[in-house]
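This briefing concerns one chain of a structural model and is arranged by topic. Please read it alongside the sequence and structure shown below.

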Amino acid sequence: MASYDLLYGLVAIAIVFALSTIYLFARGKRSQVNALGVWGILTFTYKEAIRTKWVLIFGVIFFLLAVDIPDLYLSAAGNLPPEYLKQNISDLLSVAFPLIPLLPLPVGAVSIVDERESGTLQYLLSNPVTKGEFFIGRAVGILLATTTVIIIGFGAAAMVSFTTGISNYYSVIMIMLFATMLNAVMVGIALIVSEFSKRKATAMGLGLMVWFVLAVVSSLDQLVVSVNLRAGAEAALTLVLLDPIETARDLTIYGAGLGAQEQSIASLVGLHVWRNNVYPFTFLSVVVWIVVTFAIGYLVFRHQDAA
Amino acid sequence: MQQLATQQNEVPVVSIQNVEKRYGKFTALSKMSLDIQPGAHILILGPNGAGKTTLIKSIMGILNFRGRILIDGIDVNKDPRGAKKVIGYVPQNYAFYEALTIYDHAVLTTRLKNLGREQIEEKLRLVNLWDARTRRVRACSDGMKQRLGIALALIGNPKLLLLDEPTSNVDLRGQLEFQKILRSLLKQGKTMITTSHLTGLGELATEVIVLDRGKIVTRGPPDELMSRLSVNDTIFLRVKEADEPGITKLASDLGAFDFESDGDWLRATVPSKIKLGVVKGLMNGPYPIADIIIERSQIESEYVKLLQSGAVGMRDGGN
């Protein structure tokens, strides 16, 4: 039972954050949510974000990372090795997952502070939309824009690379799903960074610093071995779960059905502690990350002066 | 008595009750209370840091504050959306999205206000922007941005207009156009709160409120406040250097004072009430005048000057 304590703790945190956010969002409402206002902010945010050069560049990068050009040569020659897909996905996880946060972190980190700095936040909030409605529209707009890029980047690559069999698409769809979940966590973190930053340049720097710390820390394998030996597997798993990139990568390893050869040390620790439940529990852990980061983002924004 | 009873029974459009706003140790608004009746045009004056913009932002619910603000009977903190339906806001620095067109902004605003697009044409035509609706904001002049701000604020026909330094970056032509629009809005019975240093706006106000360090230090009708001031204008005369002594003597006899010359222009101060007489006397005089510029005094700046000199006390403070 002890192995589930960590999970119960995570779920409890998520429930507390989710309920308090829902309570605060609903408190004092005398009329229905201004759905058209939220839609206006959402669509505007989406269009603005999708036009950003940074976002377009990442679409191309994800495509190039996912398409695996050498495999294309082999495919054209009809010489693809039998395990090429697993190997391809494993490579993709190592290379692409640490890069995914580089898309939402800068885009999200400047989003609120830029509006505040330029005064447009004042203009938006002078209209009959609440801070909560603005936050939802802004967060979902960024989430959809960055998710579009991930799906188009990976999806286009999948269409090019994996045309040898439709069954291969399951793994690709799973990768896109988990990449989207990691993207959501990063949007949540980026919005918190944006709320606490006084200037756009600071926010951009902080966003990149968050990526650097997580990307460096995400090379957890040696650290996990050390913590596992000294403090046990649960402590090692806690360490893994504190890093959303590693957690999302492990989730993809479990979810995409990769074999033992593709497992990382961090993913093996999860497997050891949660055994048969490792897949749903890791999935839940990423969901907890999403709920907690968005809840913190909302609660902070609600209590801040908007201008 | 009847008028007083009517005022007491009427729900104020804005009711500010013990509002306090602090930024760390700095008190931007100090236990402020104020009621604004329908149809009033309140001009808020005060030096930088007096709390003018903080007050406007608090009324809109953009800032968190202690105390209570009711807009048309709706508590800003409890029902911010409901309160903001009553408000149209014209921002200080025309903060719009540079890449969007004028029409895009109008569409975005109608969505934010949960309305259809029917009013867009009417409001853009009102401020002469309909023909320029496809122009991106980055290509608009400050005057156009200012008019766009008014058009967007008017979408939804709000009862209350908040204008935060609406003409701070606008040229004289823009200011005059703005005054014209304000006059027509006042005729429609809109309640307005303006913070401004706009020439002539003091004359459009029904009441002037002077803030200093987050407190109301005085308030009253503009005429009454004007009578407490000796408001002076400045005239600039382009004359021949040889004629300056004679013109100075003539102008002085007509009531001008405080002369200064840079060899090209002669500057003099004249009381606002007699300036036309002084100009007429100079034009009819024996000295040729190549050009005249009148720099009009502003009730706002005069009052702020007086405030800073410490001459105004807590005479009519609304706290």
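In this predicted model, strand S6 (residues 87–90) of chain B runs parallel to S7(B) and is joined to it by four bridges. On pairing with strand S8 (residues 191–195) of chain B, S7(B) again adopts the parallel sense, here over five bridges. The points below begin with these strands and then turn to the loops and the chain as a whole.

- In S8(B), the residue opposite B:Leu163 is B:Thr194.
- Strand S7 covers residues 160–164 of chain B, and five of its five residues are buried, so the strand is largely enclosed by the rest of the structure.
- In a regular strand, side chains alternate between the two faces of the sheet.
- B:Leu160, B:Leu162 and B:Asp164 point one way from S7(B), whereas B:Leu161 and B:Leu163 point the other way.
- The residues on both sides are buried, B:Asp164 among them.

**Loop residues with positive phi**

- Most residues other than glycine have a negative phi.
- B:Asp72 is not a glycine, yet its phi is positive, at about 55 degrees.
- The loop that holds B:Asp72 lies between strand S4 (66–71) and strand S5 (74–75) of chain B.
- B:Asp72 counts as partly exposed because it has 19 C-beta neighbours inside 10 Å, where a residue needs 20 or more to be buried.
- B:Asn128, likewise not a glycine, has a positive phi of about 60 degrees.
- The position of B:Asn128 is in the loop between helix H5 (118–126) and helix H6 (142–154) of chain B.
- B:Asn128 has 14 C-beta neighbours inside 10 Å and therefore counts as partly exposed.

**Domains of chain B**

- The domain assignment places residues 2–86 and 158–227 of chain B in domain 1.
- Domain 2 of chain B is assigned to residues 232–296.
- A distance of 38 Å separates the C-alpha centres of domain 1 and domain 2 of chain B.

**Chain B as a whole**

- Chain B contains twelve helices and 14 strands.
- Chain B has 319 residues, of which 40% count as buried.
- Among contacts in chain B with a separation of 6 or more, 71% are between residues 24 or more positions apart.

How values were computed. Residues are numbered from 1 along each chain as its sequence is written. Chains are lettered from A and ligands numbered from 1 in the order in which they are written. This is a predicted model: local features need pLDDT of at least 70, side-chain atom pairs count only at pLDDT 80 or more; totals for chains, interfaces and linings use all residues. Domain bounds come from an automatic or database domain assignment. A residue is buried if 20 or more other C-beta atoms lie within 10 Å of its own, exposed if 12 or fewer, and partly exposed in between; C-beta atoms are placed from the backbone. Helices (H or I, at least four residues) and strands (E, at least two) are DSSP runs, numbered from the N terminus. Two strands pair if DSSP finds at least two bridges between them. Two residues are in contact if their C-beta atoms, placed from the backbone, lie within 7 Å.
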